[in-house]
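Let's walk through this one together, starting with one chain on its own and then turning to its partner.

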Amino acid sequence: MHRTGELYEQYRTLEQQRETASLGMWVFLSTEVLFFAGLFMTYTLNRSTYPDVFSEASKTIKLWPGALNTVVLIASSLTMALSVWASQVGKKKLLPLFLIATLILGTVFLGIKAYEYHDKYVEHHIPGWNFNFEPGADAATNAHAQLFFSLYFGMTGLHALHMIVGAGLLIWLLRESLRGRFTPEYNTPVENIGLYWHFVDIVWIFLFPLLYLIDRH
Amino acid sequence: MSATPAAVNQMPREHYLNATYGIRSWLLTTDHKRIALLYLASVTFFFFIGGAFATMIRIHLLSPKGLLVTPETYNKLFTMHGVAMIFFFLIPSIPAVLGNFLLPIMIGAKDLAFPKINLLSWYIYLIGGCFVLYSFSTGGLDTGWTFYTPLSSVYSNSAVTPAVLGVFINGFSSILTGLNFIVTVHTMRAPGMTWFRLPLFVWAQYATSIIFILGTPVIAITLLLAGLERMFHLGFFNPALGGDPILFQHLFWFYSHPAVYIMILPAMGVISEIIPTFARKPIFGYSFIAGSSIAIAVIGFFVWAHHMFVTGESTYAALTFSLLSYLVAIPSAVKVFNWTSTLYKGSISYDTPMLYALGFIGLFLIGGLTGLFLACLGLDIHLHDTYFVIAHFHYIMVGGAVMGYVGGLHYWWPKITGKLYPEYLARIAAITLFLGFNLTFFPQFILGYLGMPRRYASYPPEFQVLNVMSTAGASILALGYLLPMIYLTWSMRYGEVAGPNPWPATGLEWRTPSPPPTENFEVTPEVTWEPYDYDNRPDLGLDVSGAPALAHGDD
Amino acid sequence: MQADLPLYPDQASNFAMSVDGLMAYITAICAFFAVAITAAVIYFFFKYRRKHPGEVGVPIHGDMRLETLWIVVPLFLALTMFGWGAVVYVDYRRTPMDTLDIYVIGKQWMWKIQQPTGLREINELHVPVGRNVKLILASEDVIHDFSVPAFRVKMDVVPGHYNTMWFRPTKAGRYHFFCQQYCGTNHALMGGWVTVMEPMDYAAWLSGSSEATANPVLAGEKLFAEKSCNTCHLADGSGRAPSLNGLYGGKVLLADGSTVTGDDAYLRESILNPAAKIVAGYAPVMPSYQGQLTEEQIIDLTSYIKSLQSQPVPAKGSGVAPATGKK
């Protein structure tokens, strides 16, 4: 592992290295946008085809965990931004603390998600696993509700997977920051992982209303 | 071939091939040149696999009732041929082999922006490949490479899930390569290497990489959904559960159409390098060729539903996509005109790479022009899903992309290996390839217009004569492929030493030894010259005295 | 005609000549450019071959006028190709009013075809010369495609949708039809023959055939009762569901204020996914029949409901929007 500020071999200057890493993360995030876009497109088309069933199905998802999770994630973006700030101004003691805060909030998010998934399990709303929307539902309603929940699990699941990866990155970041690796001259990993974390947050900001807030007043 | 006084060329003492030894130094390398060779080995492997299936297909089709295999097996053959060739050979070939090797050197850099991610790309490719090979060997795959639902997600009894997972995983290899290339071109250029001094091969790779990063994620999610549908009986694309099979087609083709531009743009980039070198003059219309690559990449994202003209899509949609499909043809035409014009008043040599480049122009011309037939709504009704389509895309993908790849391999072989291939044998192979190819695929245009459907394990007897012609051509084509594999391998050991610039050519890659040292350049070059500028390169040792100075037209 | 080495199939429909004409036009343009460029390449290749080892070419960087020329001219030609193709296509997608309607069901790996009288055929389609024929295409499983090269027509057969296609046969004879969308193991065997007959012969065949014919309207009427449709859809409009008299071909007023045409696709959707469109003034209580009816049964029900179009529409209790008549 290269130490603080050391130039990787393929670069000519530290500035070039920093720019490159940053551009790399932005390009990567654009691929993620396209990745989620396919899923969002599928969701949007299906929702406009089966608006009533989607509305009904959405209402069976408890609102408060989703809302709480939204607050949690936004808070975690705040703590992440604060970590980036700490690394930029050289506050080497604060940096790990903000990272830990972000990690905790991320874990809380995943915990609440697990609780929601459990709810769905109990209600037989997990597609492919004894799925039954409600007693007495006819075949078409069941099929369309299963479509909603497939998309629900697909979208939130993919998002959660990205959170888990993000948590792993945060742990790495934490370890490196405890070693004093990040300075005002070299904090690129903090910035770029921060970008990633904010992106995952933004995906949730779209997911939440689409999935939880259909037709709720 | 070199005009310098006949000093016998010597291999440099230390270069990227012998800098370190041992299997770990290859499997854990981050040197873009070694990674390129790792890819060369793996794409060649998949080419053999896809080629073996193609051979069986052509033999089987000698007889109207099918000569070789059962319909079940035949359906697996054409599917696996498509999957292996498209995802594991064509799409990676030029970018991952030639692009990886050359991009950093062409822009004066020591390596790509993210060398470790480059290695990761290769491993991801391998893992995807393993899944697909697993699918091939345990039940095979019989859905067509297009995986249309609900056939693939519900009805097929073949090993769809591992195949779909394999292609999904492989997609990330493409995405990371594209990401690497884009960032590299933006931030790693040597001083003085401005955008408009970039070799056209680099422009082509850049345009291709845009498609890699924006298109591939969509097929990734699409195949993931189809795989989940199959595994858990979900209903995204299954009408019995409220889903829409046409949605699958839209999502699938949103990537898969731009994917064909992934396959051809790099080859066009190769041609744009070869022709100036062997005509010894600048490319005609540099900025138009560069711009047309970007135009193809962009417009290419807006034509996907021309694969769906007979699905019952709305007439308005069909009209729009047909019009856009005609628009996307124009930049390709611009390239062909510019390449041809480059030959005018050139000083043309008949070296093998030039033969491949000219063969490319001829075959791509036919392939591209026949695209105009298919973009035509009234004609497409009749031609859709017939052998006309098969002939069209093989002319472009094989006659175009593969010839570009093989031509590029020949052109840069001296740089990659430090050795020259045997020239006369290579010319014979190039001509064999060209003739064999035409005999294989031209009859298929006629078969298509007569109505013979594609993906047919048996056919009405009146189609037999043309099928036999096609198979005869295929046997010649196969020879055209085997020959280079043999003599290129032979040349690695026994070939004449090439020297740094055998042709000679003007790019930065020809200013380093052959093979290059691991860090590519002893000293970072500083670029002060325009590309393909034979007139102002005294270091090439050419005779520019006789060439009349011409008023330079538009650049 | 071109007996020994045919380059095109028989021309047996109203579309054949325009498609072949279009083909000839595009071939001519493309052949011109292909030959011109190939000739130029070959000519330059030999004329400008290297005369001595160190020779270089003449550095010509480009020419704006040439670039403009070879952008504008191909663009113009491309637009003409697009235009003519579009005209043919629009004609093909606009089904005329006066068609002979034939139902075609594709399933792995056979075609079940139903003539208007209910006469059923398997892998054979009989049609009369000179009549506009509309095929209504349904799939029971995967995507198929019904294609008649001699007519120059084809259309995908997609499960979950109805697709329609039309043509007018112009020459009596027997012509191949193929399944033209890969559909599994016996895709290549999923074809048959279209027999185009003189109108008199067609009529004779239709009435005289000894093939078992279940009149679809009667079969549909029976199903209508069996599946309890008649308990809600009372003919006099007094039931929980609208009367179906006059529905087929009429305009239906929906709960959200929009109107829709009561065609085959609407009927099919209403049977399989009734919640999709609710008739104005009615509650969304109809259960879905998804999974309970085969494609043939849906066609039989549709035929029966079609037969009600001439029945008197009740003043109250009908979905038919007033004042707009039938198709």
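Two residues count as being in contact here if their C-beta atoms, placed from the backbone, lie within 7 Å. With that in hand, take chain C of this predicted model: among its contacts with a separation of 6 or more, 70% are between residues 24 or more positions apart.

What is chain C built from? It has seven helices and twelve strands. Its radius of gyration is 27 Å, well over the 20 Å that the globule rule gives for 327 residues, so chain C is more spread out than a compact globule. You can see that in the box its C-alpha atoms fill, roughly 100 × 50 × 40 Å along the principal axes. As for burial, 42% of the 327 residues of chain C count as buried.

Now bring in chain B. Here 77 residues of chain C are in contact with 83 residues of chain B. On the chain C side, at least two residues each come from α1 (16-47), α2 (64-93), β6 (144-148), β7 (153-157) and β9 (173-179). The largest share is that of α2(C), with 18 residues. By type, this side of chain C divides into 48 nonpolar, 18 polar and eleven charged residues.

How far does the predictor's confidence go for chain B? The mean pLDDT of chain B is 94, and 97% of its residues reach 70 or more. Two stretches are another matter: pLDDT stays under 50 over residues 1-6 of chain B, where the model has twelve contacts beyond four places in sequence. It also stays under 50 over residues 549-555 of chain B, with 16 such contacts.

Conventions
Residues numbered from 1 in each chain as written. Chains lettered and ligands numbered in written order. Predicted model: local features only at pLDDT ≥ 70, side-chain atom pairs only at ≥ 80, totals over all residues. pLDDT = per-residue confidence, 0-100. Helix = DSSP H or I, 4+ residues; strand = E, 2+ residues; numbered from the N terminus. Nonpolar A, V, L, I, M, F, W, Y, C, P; charged D, E, K, R; others polar. Rg over C-alpha atoms; globule rule 2.2 N^0.38 Å. Buried ≥ 20, exposed ≤ 12 C-beta atoms within 10 Å, placed from the backbone.
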